[in-house]
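Hi,

Here is the structure I said I would pass on. Have a look at it first, and then read on for what I found.

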Amino acid sequence: MASEELARKLQSRLAATAEAEPLPDEPERSPVRDRPQEPDRSPVRSRPQEPEAACGDSCSELSAKLTRRLDINDGTAAPRATRVFNPYTEFKEFSRKQIKDMEAMFKRYDTGRDGFIDLMELKLMMEKLGAPQTHLGLKNMIKEVDEDFDGKLSFREFLLIFRRAAAGELQEESGLMALARLSEINVSTEGVMGAKDFFEAKVQALSQGSKFEAEIREEKEEKKRQEVEKKQRQAAFKQLQSTFCS
């Protein structure tokens, strides 16, 4: 009896010890079950298709202009820096005097003194020239030469009007043609004064080549002549002064 009781006690103690120790081969289980990852349902923005290589540079340039026009309409376009250019080297078909006359006309109607002619200033210009335009007509005039899509005319874009008119690229009934014809640009250096003769003289100037270097030399020679005359007048005055003093 005593041996059976001792055996039961030893068996119960071994069972208690076995329950207290974890099984070595059993992996730990996380109390929280992993949830399946939900798919991303955020809206996917479609990217604009890039122009094909076959389009070439012209398609890329057109795409860039259209994209900037959309950005301007949305109010997200970054302002561009003002382009600095030399009108005497870029517009070689015009003489220096003609460019100066065009610049004087541009500044006369640039009442805001910001270096641009906006819609209202163009409206005033066309009224002064005797060819008033509608609001839509004024917008179309600017749009036809507005290379940077800022809705106003820079001096370079103003010169483009006369270049395109001389090349016959403007319609006869367009507002830009009326502006070019009624501008009264003084072209007396080429022996003509009327608008019709002005455009004929431009065609001749294109065939004769640039007169830029010759005009620069003439201006320098004129300044030299003026300096010589000034020195002669000073010498004559000093001689006359010495005569009265003696």
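Of the contacts in the chain with a separation of 6 or more, 54% are between residues 24 or more positions apart. Keep in mind that this is a predicted model. The chain has 10 helices and 0 strands, and 25% of its 246 residues are buried. Its accessible surface is about 19,300 Å², with 52% of that belonging to carbon and sulfur atoms.

H5 brings Leu119, Leu122, Lys123 and Met126 to the contact, while H6 brings His135, Leu138, Lys139, Met141 and Ile142. By class, that comes to 6 nonpolar, 1 polar and 2 charged residues.

Then there are the salt bridges, 12 in the structure. Glu219 and Lys100 form one of them, at 3.7 Å from N to O. Glu219 is in helix H10 (residues 212-245) and Lys100 in helix H4, so this pair ties together parts that are 119 residues apart in sequence. Glu219 is partly exposed at 27% relative accessibility, and so is Lys100 at 39%.

Other bridges stay within a helix. In H4, Asp101 pairs with Lys97, with the closest N and O atoms 3.4 Å apart; the two are 4 residues apart, or about one helical turn. In H10, Arg225 and Glu222 are 3 residues apart, again about one helical turn, and their side chains meet at 2.4 Å, N to O. Finally, Glu90, Glu147 and Arg156 are linked in a network of salt bridges.

Cheers

How values were computed:
Residues numbered from 1 in each chain as written. Predicted model: local features only at pLDDT ≥ 70, side-chain atom pairs only at ≥ 80, totals over all residues. Heavy atoms only, no water. Contact = heavy atoms within 4.5 Å. Nonpolar A, V, L, I, M, F, W, Y, C, P; charged D, E, K, R; others polar. Buried < 20%, exposed > 50% of the residue type's maximum accessible area, 1.4 Å probe, protein only. Areas by Shrake-Rupley, 256 points an atom, 1.4 Å probe, with all protein chains shown as cover. Salt bridge = Lys/Arg side-chain N within 4 Å of Asp/Glu carboxyl O.
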